[in-house]
Amino acid sequence: MFYPEPMTQIEIVVPEQHVLAATNVVAESGMFHQVDASYLSSETGLGTTEDWSKKSTAAAALERRLLAVMKTLGIKEGSPPADLASMTDVEAVQPMAERLEQQVEGVIEDLADEQKKLEKLQNYVRQLEPIADVGIQVGALKNPRYVFSVLGIIPVEHVQRLRTSLEHIPAVLLPLRQDSRRAVVVLSGTQQHADILERAARSAYLSPLNLPDDYQGTPREVIAALRTDIEHMQTQIADQKGVIAELRESRGEQLQTLLWRARASRMLADALARYGRLRYMYVIVGWVPTRGLDALTSRLRHISGEILIEAIPSTRGRADTNVPVALRNPGILHAFQRLVTIYGRPRYEEVDPTLFLALTFPLLFGAMFGDVGHGLVLALLGELLVSRKVSRLRGLADLGVVVTICGVVSIGFGFLYGSVFGMEDLLPALWIRPMENIMLILSLAIGAGVVLLTLGFLTGILNAWLARDWGRLLFGHTGIAGLLLYWSLIGLAAGLLIPGLPVPHLVPVLLAAVSGLAVMFSDLLTRLVEGRRPLIEGGLATYAVQVVFELFEALISLLSNSLSYVRVGAFAVAHAGLSAVIFILAAMVSPARGVVYWVVVALGNLFVIGFEGMIVGIQTLRLEYYEFFSKFFTGGGARYVPLATLPKIGE
């Protein structure tokens, strides 16, 4: 069982001449969570927090411009320089950055223009190649003053259609060449009929060829001239790329250094903007893990004996709602921590449920998805995600850990169920076969749910005690009264279903009555214990209706929470049943059990692993989030974000 790491609030008063050094110390420690203390500022003028905000904005603008230039040149961010402790003068660096930016932009613009011209010339060649052997002057096809002409390609089946549509128009359709699919034609007519000719050409799907304006001669001669110009243009483009490569080589290191200095300055100024300003002193406020407090204060005092430090240890109570929550779950547990934070971040006074989730999630999943073969496929898939070999799936490495563990547990339950890829005749069941023991497995699932819910109640009681929330501890739906009500109802149900139970029937009845009344009037009793008045808000009649419905809601919640765990056994049965259906379908398709039979079996198993595996995962999360977590987990804790004036590479 883990709790969020103990935190200590720290207030540091630093003389102005040491503020940069102190900032670098707290940032390099990697554990100082800064709190905005700018509201403490009492001075205006040079060095105020407003000035630091302006410097942060200027540094951010410079950083964006440098990133744009580096992206254009193909320069990576690289590693930060060793010395970034001082603030960079952005105004002094700005002219140098602008010169680099203008130089790069000029080269890139020239390169882009030349590439567009090259693409245009290459497009002319592609347009003219189909008519390279046609003896016609390209210049003659340019529309003179009184004649409309168009050279293009038309589907062979539409040639006659175009002729027919032009029977009453003074025009000439001259085929130059054709194959089985397309024909190259020239359509000519008078300018006064140009609109009609264009519409007729479009309706016949005639695609005009794009002819160059500055070239004369036959298509073959024009193509030769174009190719000569293309070679010349490619040489110019190569020269421009050489200039870019030279800039990348000569300016790369300089741009990287400027980028990291601008970035560090931006983050440093942003941190300074959140300090309090008291004349010639700065006030730094934040939180530090208690384990690192002594080392941090020692380093700060080493800077100057004039630095004042006040440490205020926190307590796990409702008053400390703003304490940042630092979760420390190493290795495998970190992957399950991600699942916890998806639901919510624990409050400082709450138990971190990561360990609970790491233990119960694979067990619930494996019980619902027990199969040696299916579990093996999941484990291999998880290992693939963990390996990060697929670049597009590298962000799912933590999920891969969860999938691998769930796959391994599914293999274990597969041996218990005696199932391998849905086949139950290869292995003996070490425990039971779900399809043959439906009532037993459903009953065991409810029993497991009772155990988990009881654990949730106990954890909720512990959380209430840590938070010093005595009303919730004693009378809440998830407190002692709620737990007693839950177990008294279980006792009543057991007395009805199990004859000869040694527990007197009157005991659970009395417990249910007392705990039910406590839950029913929990708000009133909480106000009484905590000394708050009035005991009842609103009218008495309204309150009476409210408490009845609250008790009814609590009873329904307890019943639904317990019955929800039936799905563990139900999915175990459904998994076996669906696997059996696959073999029935395969036998229907191929009674002789040929190749098709095994193809259907393979596809069916892939469907079960993919679709049912996803459904089981969702149902397991639902049981964890809405049944188990609801008994003790409030969430809404503040995220622990250590101050940094130097971000991680790639951040």
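## A tour from loop to helix

Start by selecting Arg593, which lies in the loop between α18 and α19. Helices (H or I, at least four residues) and strands (E, at least two) are DSSP runs, numbered from the N terminus. The phi of Arg593 is positive, about 60°, although Arg593 is not a glycine. Arg593 has a relative accessible area of 54% and is therefore exposed. Exposed means over 50% relative accessible area, buried under 20%, and partly exposed in between, with a 1.4 Å probe and protein chains only.

Residues are numbered from 1 along each chain as its sequence is written, and side-chain values use heavy atoms, with hydrogens and water left out. This is a predicted model, in which local features need pLDDT of at least 70 and side-chain atom pairs count only at pLDDT 80 or more, while totals for chains, interfaces and linings use all residues.

**Stop 1: helix α10**

Next select residues 372-387, which form helix α10. How far apart are the end C-alpha atoms of this helix? They are 22 Å apart, which agrees with the 22 Å that 16 residues should span at 1.5 Å a residue. The expected span is 1.5 Å times one less than the number of residues.

Now look at the start of α10, where a side-chain oxygen of Asp371 comes within 2.9 Å of the backbone nitrogen of Gly373. Such a polar contact is a pair of N or O atoms within 3.5 Å; within protein, one must be able to donate a hydrogen and the other to accept it, and residues adjacent in sequence count only if both atoms are side-chain atoms.

Colour Val372, Gly373, His374, Gly375, Leu378, Ala379, Gly382 and Leu385, the buried residues of α10. Which helices do they pack against? The partners are α9 (354-368), α11 (397-417), α18 (566-589) and α19 (595-628).

Arg388 is not a glycine either, but has a positive phi of about 60°. With 45% relative accessibility, Arg388 counts as partly exposed.

**Stop 2: helix α11 and Tyr417**

Move on to Tyr417 in helix α11. Is Tyr417 buried or exposed? A relative accessible area of 4% makes Tyr417 buried. A polar atom of the Tyr417 side chain lies 3.0 Å from the backbone oxygen of Ala367.

Show the residues around Tyr417: beyond its neighbours within four places in sequence, its contacts (heavy atoms within 4.5 Å) are Ala367, Gly370, Ala429, Trp431, Ile432, Arg433, Pro434, Ile441 and Ala572. Then pick the C-alpha atoms of Tyr417 and Leu430, which are 6.6 Å from each other and belong to residues 13 apart along the chain.

**Stop 3**

Two packed helices are described by the angle between their axes and the distance between the axes. Axes are lines fitted to C-alpha atoms, for helices over the stretch in contact, and angles run from 0 to 180 degrees between N-to-C directions. On the α8 side, Ile332, His334, Ala335, Phe336, Arg338 and Leu339 make the contact; on the α11 side, Asp398, Val401, Val402 and Ile405 do. Angles under 35 degrees count as roughly parallel, over 145 as roughly antiparallel, 65 to 115 as roughly perpendicular and the rest as oblique.

**Stop 4: α1 and α7**

Select helix α1 (residues 19-28) and helix α7 (residues 293-303), whose axes are 10 Å apart at an angle of about 160°. This makes α1 roughly antiparallel to α7. Where they meet, α1 supplies Ala21, Ala22, Val25, Val26 and Glu28, and α7 supplies Leu296, Arg299, Leu300 and Ile303.

**Stop 5: helix α16**

Go to helix α16, residues 522-530, and pick Arg527. Arg527 has 9% relative accessibility and so counts as buried. Leaving aside neighbours within four places in sequence, Arg527 touches Arg532, Arg533, Pro534, Leu535 and Glu537.

Thr526 is also placed in α16. Thr526 is buried, at 12% relative accessible area. What does its side chain reach at 2.7 Å? The side chain of Thr526 reaches the backbone oxygen of Ser522. With neighbours within four places in sequence set aside, Thr526 is in contact with Gly471, Arg472, Phe475 and Arg532.

**Last stop: Asp179**

Finish at Asp179, in the loop between β4 (171-178) and β5 (182-190). Asp179 is partly exposed, at 42% relative accessibility. Its C-alpha atom is separated by 7.9 Å from that of Val156, 23 residues apart along the chain.
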